[in-house]
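Open the model in your viewer and keep the selection tool at hand.

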Amino acid sequence: MSSLKIQNICKSYESLSILKNINIEIESGDFLVLVGPSGCGKSTLLNMIAGLDEISSGDIVIDEAVVNRFHPSERDIAMVFQSYALYPNMTVRDNIAFGMKIRKVPKDQQDKAVAEVADMLQIAHLLNRKPGHLSGGQRQRVAMGRALVRDPKIFLFDEPLSNLDAKLRVDMRTEIKKLHQRLQATIVYVTHDQIEAMTLATKIAVMKDGVLQQLGAPRDIYYEPANTFVATFMGSPSMNLVSARIASNDGQLYAQVNSGSGQYALPIAQKLAPRLTPYIGENVTLGIRPEDIVEKDDTTRLSETVVEVSCRVEVVEPTGPDTIAVVQFNDQEVSARCKAVSAVESNTTAEFAINMSHVHFFDSTTQARI
Ligand SMILES: Nc1ncnc2c1ncn2[C@@H]1O[C@H](COP(=O)(O)OP(=O)(O)OP(=O)(O)O)[C@@H](O)[C@H]1O
Ligand SMILES: [Mg+2]
């Protein structure tokens, strides 16, 4: 398996700039997930790695070799396209085995490889059908199968699970993770789904409007988002962002917010104090993940970093494993993650606890993490 460097990559269509100076490096065996809103340039970047789209400037480096001028067939890359790109007049079996046939892999080896991936992708019963007689999700799995029977330098996957139902999607996600662990393959994977990104990636690249917002391990992206865009893109429900004023009293910093019944001064953890001191007297954006606003109970009260607030509850949404309460906080709606069986009821005022050691602060002007 191979390393990949994306160096100062730019892409424009005439005057329209699509990718703006993208720099990403991954090691052999890394699982890079590209995430970002529709149209941000994920597929364009993937196509440029594969050699299917011309680079406007910059270099694609595979194993220390600049491959900009290499034909796609010389790059030894297996790609699963967002549009599947199956051969319509071949059976599923022949679609999957096509590359092996070209390379004159012995027939018994081809059959074994096809059977293995078909089993893994739950399409063994479809091997004699043609793509036109398959559902979108089944076609998508055939396209996966065609890539997975190969042993390329790099796998490129463009939203390979987007057309599957929720259960199959989770099954396939686990299969892909197992496959990565077994093969130690180098993978670049595009998805809209932030759970997929968090669970599969060794590195996540978050993109917006052709600009790389942050590159890091899933944990860094989630716990130390570079800006409010990354903060709200990853995590569901999204991180709550509220405006807060930084105040100081006796050396302790506070974030001042309103909540229905009055004003709260939320004590800021000491570790954040040096970075927030320059903001005393100013407004900043306070970010609180739903899981850090919980129902007040005996355990939450024990921690020093937990502050209690009372909020008007607008809506209660049971999800199964937990309950999301949409509550009024600082004159806006925020999400709180409550227990599966929650006593919180809509149209009442309830007590919540915020874990201040987990909150984030962002500059109100630049949106960058403080
Ligand atoms: N041939 C082209 N000419 C002009 N603009 C193009 C061309 N191909 C793509 N684009 C534009 O480039 C941008 C990035 O497209 P791309 O397909 O890479 O987005 P994406 O992040 O993969 O989106 P999605 O999540 O919807 O698949 C889009 O705004 C798209 O309209
Ligand atoms: Mg795309």
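Begin by selecting Glu317 and Ile324: Glu317 stands opposite Ile324, which belongs to strand E17. Keep in mind throughout that this is a predicted model.

**Around the hairpin**

Now widen the selection to strand E16 (residues 306–318) and strand E17 (residues 322–329). The two run antiparallel and are joined by six bridges. Together E16 and E17 make a hairpin, with three residues between them. Click on Gly320 in the turn, where phi is positive, at about 115°.

**Across to strand E19**

For a landmark, pick Glu308, which stands opposite Ala353 in E19.

**The whole sheet**

Which order do the strands take in the open sheet? Reading across, the order is E15-E19-E16-E17-E18, five strands with antiparallel pairing. Strand E15 (293–295) and strand E18 (332–339) are at the edges, and each has a single partner strand, so one side of each lacks a neighbour in the sheet. Turn the view to follow the twist, which averages 50° from one strand to the next. While you are here, show the side chains: in a regular strand they alternate between the two faces of the sheet.

**The annotated span**

Select residues 4–234 next. An unreviewed UniProt entry annotates this stretch as "domain: ABC transporter". The span is 36% helix and 26% strand, and its end C-alpha atoms lie 25 Å apart.

**Ligand 1**

For the last stop, centre on ligand 1. Its surroundings include Tyr13, Ile18, Lys42, Gln82 and Glu159. How do the shell residues divide? Three are nonpolar, seven polar and two charged. Colour helix H1 (residues 42–50), which supplies the largest share of the shell, three residues.

- Ser38: a polar side-chain atom lies 2.5 Å from an oxygen atom of ligand 1.
- Gly39: a polar backbone atom is 2.8 Å from an oxygen atom of ligand 1.
- His192: an N or O atom of the side chain is 3.3 Å from an oxygen atom of ligand 1.

Definitions and conventions: Residues are numbered from 1 along each chain as its sequence is written. Chains are lettered from A and ligands numbered from 1 in the order in which they are written. This is a predicted model: local features need pLDDT of at least 70, side-chain atom pairs count only at pLDDT 80 or more; totals for chains, interfaces and linings use all residues. Side-chain values use heavy atoms; hydrogens and water are left out. A residue is near a molecule or strand if one of its heavy atoms lies within 4 Å of it. A polar contact is a pair of N or O atoms within 3.5 Å; within protein, one must be able to donate a hydrogen and the other to accept it, and residues adjacent in sequence count only if both atoms are side-chain atoms. Helices (H or I, at least four residues) and strands (E, at least two) are DSSP runs, numbered from the N terminus. Ala, Val, Leu, Ile, Met, Phe, Trp, Tyr, Cys and Pro count as nonpolar, Asp, Glu, Lys and Arg as charged, and the others, Gly among them, as polar. Two strands pair if DSSP finds at least two bridges between them. Axes are lines fitted to C-alpha atoms, for helices over the stretch in contact, and angles run from 0 to 180 degrees between N-to-C directions. UniProt positions are given in the numbering used here, feature names are shortened, and annotations may be inferred rather than shown by experiment.
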